[in-house]
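Student: Please show me the model, and let us then work through some of its side chains one by one.

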Amino acid sequence: MRLELLCTGDELVTGLITDTNSPYLEARLFDLGVKVERVVLVGDVRSDIIQALREASSRADVVVVSGGLGPTTDDFTLECAAAVAGVPLEEDARVLGWLRERYAARGLPINPSALRMARIPQGAEPARNPAGSAPLVMLTLGGCRLFFLPGVPREYRALLDGEVLPRIQKSLESKSARVFRAFRLLRTVGIPESELDLAVAPLAASHPRVVFGFRTHAPENHLKLMAEASSQAEADAALAAVEADSRRVLGARVFGADAEEYAPVVLRMLSRVGATLSVAESCTGGLISQQLTAVAGASATFLGGAVVYTEKMKTAWVGVPPEVLERHSAVSSQTAVAMAEGVRAACGTTYGLAVTGYAGPGGGTPEDPVGTVYCALAGPDMATRCERMSFSGDRERVRLFAASHTLEMLRQHLLTAPQS
């Protein structure tokens, strides 16, 4: 099945809004064994949308279109679809009924602008939107099936999961020459995407039934593995073999698979060894604590943290000696070590993590320019470790990677820690 995505809206092509719908759909389609062949962004220009619809429908078996289904004058995606199909727009009684029900439930009178959402191409099939007003509209052009969805992410995902993906899956299952697939997403940290590709490239020759793919979700990089075979058992066996080889090559840089997320993995590892954690953060401003406390039940192992943004607070809250700050500065290995040991002592935890650095855009010194970060780990029966890192990019990226690397120091240590 050849599948393409078409996203409409001036806000996408001008950079005002980032397209988050396409990555979400790409990940969901991967689970079905479908690779997106092309993603096209088009502004709110009728001629451009019409041309894009014609080109995509001539190439693909399925096209998923987002945006331009609302009640305003710049929502004309369905007008363009009708023009490509050579049919008029017609008011659909089902959609009109759904709109009247939705507006009545909200205690609002339905207005003429809202009624525009009831006009769909003649012969198209609508489906009700459980999260909004504009319906899903399905239209066939030649041998291509087009799905038109609202661009609002919440509505897009509700219709995608409830209506579009089940139809795509049914279409795949109905094919006479069925190909069976098995999938795995290996999640890594601490290895750039280019190095990840280079590391697993030698495996391709010995796994001809497997398609290798890559995805960056900073600070993580993911390896996508899709095995294809004439039976499910063969596909599962091929996937198991390539996963084993991939894990052998990548080693401890793989922290999880499929839907596993980083913070829950770290918390589970702490729980397995009966350990607790506290953190002292300067440049990350509580980002590590935020990531950990986003996990339900984190308090079983993560006891607390301190955002010690100034030298005064580094001394008052986590006991960094003033002479250390005076002699070595707030951004130094000595201060990071003192922060990790101080927060561990203050909270009475097994481990203490600390991070201090220059996130930018200002600050920095010739020896430690902007992007320099010191991460420290203190724990039992070990000398406190500190690593100096240099991250590129803007303030947000430096903070994100600093938080990730600090937690990664702990994860790597826990891989060899004895279980309780």
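Student: Is Pro135 buried or exposed, and what is its relative accessible area?

Tutor: This is a predicted model, in which local features need pLDDT of at least 70, side-chain atom pairs count only at pLDDT 80 or more, and totals for chains, interfaces and linings use all residues. Residues are numbered from 1 along each chain as its sequence is written, and side-chain values use heavy atoms, with hydrogens and water left out. Buried means under 20% relative accessible area, exposed over 50% and partly exposed in between, with a 1.4 Å probe and protein chains only. Pro135 is therefore buried, with a relative accessible area of 4%.

Student: How far apart in space are Pro135 and Phe148, C-alpha to C-alpha?

Tutor: Pro135 touches several residues, among them Phe148, where contact means heavy atoms within 4.5 Å. Pro135 and Phe148 are 13 residues apart in sequence, and their C-alpha to C-alpha separation in space is 8.5 Å.

Student: Why is the pair of Phe255 and Tyr262 edge-to-face?

Tutor: The structure holds three aromatic pairs, and rings of Phe, Tyr and Trp (its six-membered ring) pair if their centres lie within 6.5 Å, with planes under 30 degrees apart counted as stacked, over 60 as edge-to-face and the rest as tilted. The ring centres of Phe255 and Tyr262 are 5.0 Å apart, and the pair is edge-to-face because the planes are at 80 degrees.

Student: At what angle are the ring planes of Phe391 and Phe401?

Tutor: Both Phe391 and Phe401 are buried. Their ring centres are 6.1 Å apart, and the pair is tilted because the planes are at 45 degrees.

Conventions. Lists of a residue's contacts leave out its neighbours within four places in sequence.
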